[in-house]
Amino acid sequence: MTRRTSAPIVVGLGWLAGSIPFSNIAARRRAGVDLRDVGGGTVSGTALHGVAGFGPLAVAGVCDIAKGAVGPVLAGRDRPLLAATAAVAAVAGHNWSPWLGGAGGRGLSVAMGSLVVQSWPGTVVLASGLAAGRLCRHTGLGSFVADLALVPVLAKTRGRAGLLAGAGVTGVMLAKRLAGNRPPTRPGLDVYLHRLLYDSDPGSDEGTAS
């Protein structure tokens, strides 16, 4: 019998892989910029593209997707609930990276990689929302719509395990949108609603979910 990786190690490695800030590493190496100092401080593919162009964005994007798959792959197809937990851990590690002092991105790319292993329809939903948002120049809004669609789609196509995976990663992504990497300059319900819908503060050009 093949020895399987224990659940705590699967979740821990999923979180650790998720915490690696590939976008910020690429920004520092190619442009000498810390993405926490750009715009609203989101460490994302959109911010990376703004300072370093498409090439670094493509490489970092692939790495972010791959790191999201680490925990679910270690969990295996016969442990879907553990895979769902590892997926949530990976997105949380990305969104609140210890290597960035708790800053991070919004987890979309990581969630895509996490879900592709056992709940691939979720990856399609998130990728479609990201693509539509970029075409309309409202990436934050497109990803928000995809977040809302994720849970019902996975519940329908993957049952209870899909429901839990979708609810887990969606909860973490929406929580980071609300929290941001910086406190709002003018706290208020309208500000947090704007963050939730557009992933930016009112009057800001930033809006990303990577």
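**Helix Packing and Nonpolar Cores**

Visitor: Is the crossing of α8 and α9 left-handed or right-handed?

Guide: The crossing of α8 and α9 is right-handed, a term used if the near helix is turned clockwise from the far one by less than a right angle. Helices here are DSSP runs of H or I with at least four residues, numbered from the N terminus. The model is predicted, with pLDDT of at least 70 needed for local features and 80 or more for side-chain atom pairs, while totals for chains, interfaces and linings use all residues. Residues are numbered from 1 along each chain as its sequence is written, and side-chain values use heavy atoms, without hydrogens and water.

Visitor: At what angle do α8 and α9 pack?

Guide: Axes are lines fitted to C-alpha atoms over the stretch in contact, and angles run from 0 to 180 degrees between N-to-C directions. Helix α9 (residues 189–198) packs on α8 at about 125°, with the axes 4 Å apart. The two are therefore oblique to each other, the class left after under 35 degrees (roughly parallel), over 145 (roughly antiparallel) and 65 to 115 (roughly perpendicular).

Visitor: Which residues make that contact?

Guide: With contact meaning heavy atoms within 4.5 Å, α8 contributes G140, L141, F144, L174, R177, L178 and A179, and α9 contributes Y192, R195, L196, L197 and Y198. They divide into nine nonpolar, one polar and two charged; Ala, Val, Leu, Ile, Met, Phe, Trp, Tyr, Cys and Pro count as nonpolar, Asp, Glu, Lys and Arg as charged, the others as polar.

Visitor: How do α7 and α8 pack?

Guide: Their angle is about 170°, with axes 9 Å apart, and α7 and α8 are therefore roughly antiparallel to each other. Among the contact residues are W120, L126 and L130 of α7 and A146, L150 and M173 of α8. By class, this contact has eleven nonpolar, seven polar and three charged residues.

Visitor: Which residues have the most contacts inside the largest nonpolar core?

Guide: In soluble globular proteins, nonpolar side chains tend to be buried together. A nonpolar core joins buried (under 20% relative accessible area, 1.4 Å probe, protein chains only) Ala, Val, Leu, Ile, Met, Phe, Trp, Tyr and Cys residues through side-chain atoms within 4.5 Å. The largest core has 19 residues, with the most contacts made inside it by V91, L115, L126, L150, V169 and M173. Elements giving two or more residues are α5 (80–95), α6 (108–116), α7 (120–135) and α8 (139–179). The largest share, seven residues, comes from α8. A second, separate core of nine residues includes A26, A27, A47 and L100.

Visitor: How are α2 and α3 arranged?

Guide: Helix α2 (residues 22–31) and helix α3 (residues 45–52) pack at about 5°, with axes 9 Å apart. That makes α2 roughly parallel to α3. A26 and A27 are among the α2 residues in this contact.

Technical notes
Buried means under 20% relative accessible area, exposed over 50%, partly exposed in between (1.4 Å probe, protein chains only).
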